Amino acid sequence: MKKISEILVKEGIILDLKEKEKIEAIKKLSKKLIDLGYITDAKEFFSEILKRENLESTGIGMGIAIPHARSKAVKDLVIVFARSEEGVDFSSLDGKPAHLIFLIAGPENKKSEYLLTLAKLSKLLRKDEVRIELNKAKDEEEVLAIISKYEA
Amino acid sequence: MKKILLYLNEAKEENIELALSLAEKFSSRLYVLFCLNSEEIKKEELKDKKEDEGWQKLYDVEEKAFQKEIKVSLLFFEGKPEILISQLMKSYEIEALILNPFANLNLSEVINKNKERIIILK
């Protein structure tokens, strides 16, 4: 089982997300996955991730959202991340906008690993110090270093 | 029945299946609660283990709900389960609660505080 810091790709980190709408934010992160070669069929992946967003809120509160999808259009388990200063409305139950958005994409055949990654990331992000440090991180390396430090 | 709460701590597979099938039948939103019981997690390593267990169970139910196209909300809180359940039932106007009668909580307190709601013990 890989660590989150090994699945989160440096090139997939956006520290100044400008998009204000949920769908636009997800599109921006999905585009990263496509550009990085993790997605074979953009339409299929996007449809899958939107289907889930229509059924539930992936905003878990405390300024965090974890949109996610498992699809045959995904080559390997991967996480991309965006930070938004203004925040994006993910219809979280606590009513707060998401400032830290982690998108997880998993292939069909890695269900257990995908679910465990979701669980590990949710647990990690409940820690106040992780959220505070991620909100202050100056660059992509620092984001990875924070995740790596706290998941150890 | 538009909103159902499943108390996931100590829930058996049949509790989960019942919650999913009722939510599917009535097109309800399913709220799934895992509670870090403050009475149980005094030791840090136990808290850590419980947090792992909680999130894994929550996402497992979420995946099952997604496959059935059920609207689902995951809830993870730390506190006293009897109080949390009652607060959530009230604030989200939840009509039915499903839980294992042998769950580690004060069942009579839950029943007394939620008299107008349907409580399914299985």
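In this predicted model, helix H2(A) passes helix H3(A) in a right-handed crossing. The two helices pack at an angle of about 145°, and their axes lie 11 Å apart.

**Packing of H2(A) with H3(A)**
- H2(A) contributes A:Lys22, A:Ile26, A:Ser30 and A:Ile34 to the contact, while H3(A) contributes A:Ala42, A:Phe45, A:Phe46, A:Ile49 and A:Glu53.
- By class, the residues of this contact comprise six nonpolar, one polar and two charged.

**Helix H2(A)**
- H2 of chain A covers residues 22-35, 14 residues in total, and its span of 20 Å from first to last C-alpha is close to the 20 Å expected at 1.5 Å a residue.
- The buried residues in H2(A) are A:Lys22, A:Ala25, A:Ile26, A:Leu29, A:Ser30, A:Lys32 and A:Leu33.
- Viewed down the helix axis, these buried residues fall within an arc of 145°, so they line one face of H2(A).
- Among the elements of chain A that cover the buried residues of H2(A) are strand E1 (8-14), helix H3 (42-55), strand E5 (78-88) and strand E6 (98-107).
- After H2(A) comes A:Gly37, which has a positive phi, near 85°.

**Contact between chains A and B**
- Twelve residues of chain A are in contact with 13 residues of chain B.
- On the side of chain B that touches chain A, helix H2 (44-67) and strand E3 (71-79) of chain B each supply at least two residues.
- H2(B) provides the largest share of that side, eight residues.
- The side of chain B that touches chain A has five nonpolar, two polar and six charged residues.

Technical notes: Residues numbered from 1 in each chain as written. Chains lettered and ligands numbered in written order. Predicted model: local features only at pLDDT ≥ 70, side-chain atom pairs only at ≥ 80, totals over all residues. Helix = DSSP H or I, 4+ residues; strand = E, 2+ residues; numbered from the N terminus. Expected span 1.5 Å × (residues − 1). Buried ≥ 20, exposed ≤ 12 C-beta atoms within 10 Å, placed from the backbone. Arc of directions from axis to C-beta. Contact = placed C-beta atoms within 7 Å. Axes fitted to C-alpha atoms, helices over the stretch in contact; angles between N-to-C directions. Left-handed = near helix turned anticlockwise from the far one by under 90°. Nonpolar A, V, L, I, M, F, W, Y, C, P; charged D, E, K, R; others polar.
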